[in-house]
Amino acid sequence: MEKKQFQAESKRLLEMMINSIYSQREIFLRELISNASDAIDKIYYKALTDESLRFDQDSYYIKIVPNKDERTLKIIDTGIGMTKEELENNLGVIAKSGSLAFKSEVEQKDGHDIIGQFGVGFYSAFMVADKVTVVSKALGSEEAYKWESSGADGYTIEPCEKDTVGTEITLSIKANTEEDNYDEYLDEYRLQSIIKKYSDFIRYPIKMDVTTRKRKEGSDNEFETVQEEQIINSMVPIWRKNKNELTPEDYEKFYNEKHYGFDKPLKHIHISVDGAVRYNAILFIPEKIPFDYYTREYEKGLELYSNGVLIMSKCPDLLPDYYSFVKGMVDSEDLSLNISREILQHDRQLKLIAKNIKSKITGQLQSMLKDDREKYEAFYQSFGRQLKYGVYSDFGSNKDTLQDLLMFYSSKDKKLVTLDEYVSRMPEDQKYIYYASGESIERIEKLPQTELVAEKGYEILYFTDEIDEFAIKMLMSYKDKEFKSVSSGDLGIDSKEDEKDTEATEKEHKELFDAMKQFLTGKVKDVRVSKRLKSHPVCLSTDGEVTIEMEKILRAMPNNQNIQAEKVLEINPNHEVFQSLQAAYEKDKEKLELYTHLLYNQALLIEGLPLQDPVEFSNHICKIMVTS
Ligand code: ADP
Ligand code: MG
């Protein structure tokens with residue numbers, strides 16, 4: 001018979017499975033059972049909308065049949081089955097669900113992680129079998145077909161006999177090797193425990209003939225072993241169970257079984273609502289950022305079930321973008337089964353559920369922040385940035401929901417603080433919430449602009465994420481306290497006397513400052529006496545809304561509109577350098593120009609801004625080294 005070739009991608013995946021050294025091979029059974037369950041779902045779904053089909057609970061099941069003599073393991077289901085074309089398309093072509101992740105990851109990893117992370121579906125059978133035979137009869141079809149493959153070199157399809165609708169998969173279990181024992185997949189106790197472990201919540205009975213010892217009829221002490229068909233799984237889905245019957249491990253198991261993530265969830269939220277809208281939901285806050293989280297490829301969404309039947313595997317309308325990290329599922333009786341994606345978007349029930357879920361998540365995060373700070377900080381490290389995006393996006397319409405969930409690193413305790421904590425310990429004379437922006441905590445700590453604010457004993461929030469300043473601009477104020485950058489022109493802290501002093505100094509040296517300003521035409525808006533500098537000679541500050549950090553970020557954006565901060569060069573009049581400037585002004589204008597450029601370039605460097613002409617800067621320094 002003619003052998004057909006696998007699609008190239010499938011072939012690679014298959015080879016990986018065959019040669020897998022993955023320690024958790026047992027998951028092949030979970031994958032095949034979940035496919036069987038999906039196939040029964042499909043028939044169940046059809047029966048709900050098609051009068052001619054009657055879904056009779058007893059006739060739908062999954063059966064597992066090990067046979068030690070033949071060294072085979074059968075997985076039988078009474079699901080919807082597959083036509084010849086479906087066998088070809090579904091088993092010869094890599095599953096869509098896994099393929100995306102597979103493509104991007106396989107390049108870097110050698111395989112065995114991928115299996116655990118993505119659940120590769122049907123092909124996982126090849127981890128334990130050297131031949132896989134699928135006999136299937138599709139609903140509404142007269143013929144049955146047999147698909148068979150012994151590995152990467154291809155597969156065959158031919159007509160065959162099968163009385164009932166459904167699928168029967170036969171795995172020819174591999175022979176044991178020195179390192180690997182495959183016999184365990186023929187052992188009924190081992191199989192039972194694998195089913196319990198991974199497939200306990202499957203909604204259809206998973207049956208198996210189990211050997212039991214029974215008292216012989218009519219005898220007190222004589223026993224016989226008999227084969228008895230039993231249902232191995234408990235069948236009730238976890239979300240229908242009572243919360244206090246469930247342990248954290250149960251939720252964790254569910255999280256893994258569903259492939260929601262490959263980490264441990266940081267928190268689970270089990271919701272049962274029985275009001276205007278009825279639904280059950282289990283939501284998870286993951287611990288780690290999914291590898292594609294901050295990319296375009298990441299899709300948010302929750303699984304959506306209508307009365308126990310999966311209708312959408314990633315319903316985006318259930319989660320706001322700022323909670324896109326939440327994983328989990330929602331089951332509601334109030335949703336119609338055959339509802340299109342477009343209609344679903346506008347469904348009133350769904351909107352109610354989404355709103356409800358949103359406030360539950362907010363509530364849970366708030367209480368985590370209050371009661372389990374350590375956990376919250378771990379969460380915030382992973383997903384805090386997303387919350388800040390949330391404040392910024394949609395024109396700030398979510399800021400009230402999110403502002404109390406924000407945290408920033410602060411100068412006071414050198415750790416994350418909330419805005420509430422900051423404001424509640426502000427000294428009475430402090431008018432603003434101060435922040436400093438920069439690439440890293442270390443760099444901000446050394447910023448000259450922070451000197452005065454720090455000397456006053458005011459706490460400074462450190463903004464190291466690009467989004468921080470934009471988010472804060474959207475907030476504008478917190479509890480009536482406005483935010484202020486330590487680099488902003490007016491810090492709002494000097495006393496009347498200080499102000500007079502500065503004014504006097506500025507007046508006294510007006511010509512010097514004017515001359516310097518002249519040299520920096522087009523580069524800075526003004527040259528001024530600094531109030532904020534204590535030990536440093538020079539820094540940049542900004543007038544207006546756009547700060548230097550914002551300028552840097554805007555510059556890096558693809559549609560750079562050349563938005564610039566209005567920079568002001570500030571000079572510390574108490575620094576020795578100032579005397580050199582004065583002397584140069586009086587004696588040597590050329591030198592003053594040189595000094596002015598040097599100071600300006602130094603200020604740029606401190607800000608992490610690029611020098612317009614590094615070669616010239618270097619020449620200037622050499623000039624000084626030679627003349628002094
Ligand atoms: P996934 O389940 O993620 O789609 P799989 O590799 O597990 O990927 O399965 C591929 C496809 O093969 C399924 O989507 C389904 O269409 C089909 N399939 C697999 N097993 C069965 C089965 N027992 N009955 C009917 N169809 C099946
Ligand atoms: Mg599958």
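1. **Basis.** The model is predicted: local features need pLDDT of at least 70, side-chain atom pairs count only at pLDDT 80 or more, and totals for chains, interfaces and linings use all residues. Residues are numbered from 1 along each chain as its sequence is written, chains are lettered from A and ligands numbered from 1 in the order in which they are written, and side-chain values use heavy atoms, with hydrogens and water left out.

2. **Domains.** The chain is assigned domain 1 (3-231), domain 2 (238-374), domain 3 (406-485) and domain 4 (496-627). These bounds come from an automatic or database domain assignment. Between the C-alpha centres of domain 2 and domain 3 the distance is 34 Å.

3. **Cavities overall.** The whole structure holds three cavities of 30 Å³ or more. A cavity here is a set of points on a 1 Å grid over the protein atoms alone where a 1.4 Å probe fits but cannot get out; a pocket is an open set with protein on both sides within 12 Å along at least five of seven lines; lining residues have an atom within 4 Å of a point. Points are joined across faces, edges and corners, and a volume is the space filled by probe spheres set on the points.

4. **Largest cavity.** Its volume is about 80 Å³. The lining consists of S437, L447, E469, S485, S487, T542, T547, I548, E549 and E607. By class, that lining has two nonpolar, five polar and three charged residues. (Ala, Val, Leu, Ile, Met, Phe, Trp, Tyr, Cys and Pro count as nonpolar; Asp, Glu, Lys and Arg as charged; the others, Gly among them, as polar.) The largest cavity lies between domain 3 (406-485) and domain 4 (496-627), because both give residues to its lining.

5. **Second largest cavity.** This one has a volume of about 70 Å³. Its lining is made by S437, G438, E439, R443, I444, L447, E549, K552, I606, E607 and G608. Two or more of the lining residues come from each of α13 (441-445), α18 (548-556) and α20 (589-607). (Helices, H or I of at least four residues, and strands, E of at least two, are DSSP runs numbered from the N terminus.) The lining divides into three nonpolar, three polar and five charged residues. Domain 3 (406-485) and domain 4 (496-627) both contribute to this lining, so the second largest cavity lies between them.

6. **Second largest pocket.** Its volume is about 420 Å³. It is lined by 19 residues, and Y293, T295, D321, S324 and Q386 are the closest to its centre. Seven nonpolar, six polar and six charged residues make up the lining.

7. **Ser324.** Is S324 buried or exposed? S324 is buried, because its relative accessibility is 6%. (Buried means under 20% relative accessible area, exposed over 50%, partly exposed in between, with a 1.4 Å probe and protein chains only.) S324 sits in the loop between β12 (309-315) and β13 (327-332). Its side chain makes a polar contact of 2.7 Å with the side chain of Y293. A polar contact at 3.5 Å links the side chains of S324 and Q386. (Such a contact is a pair of N or O atoms within 3.5 Å; within protein, one must be able to donate a hydrogen and the other to accept it, and residues adjacent in sequence count only if both atoms are side-chain atoms.)

8. **Cysteines.** How many disulfides are there? The count is zero, a disulfide being a pair of cysteine sulfur atoms within 2.5 Å. C315 is buried, at 0% relative accessibility. C539 is also buried, with a relative accessible area of 1%.

9. **Separations.** V134 belongs to strand β3 (residues 129-137). V134 is buried, at 1% relative accessibility. V134 and I169 lie 35 residues apart in sequence, with 4.5 Å between their C-alpha atoms. T177 and D543 are 366 residues apart along the chain, and their C-alpha atoms are separated by 74 Å. T177 is in the loop between β6 (166-173) and α6 (188-199). With a relative accessible area of 42%, T177 is partly exposed.

10. **Positive phi.** Which backbone angles deserve a check? M235, a residue other than glycine, has a positive phi near 70°. M235 lies in the loop between β8 (223-231) and α7 (248-257), and is partly exposed at 27% relative accessibility. K414 is not a glycine, yet its phi is positive, about 55°. K414 lies in the loop between β14 (407-410) and β15 (416-418). K414 is partly exposed, at 44% relative accessibility.
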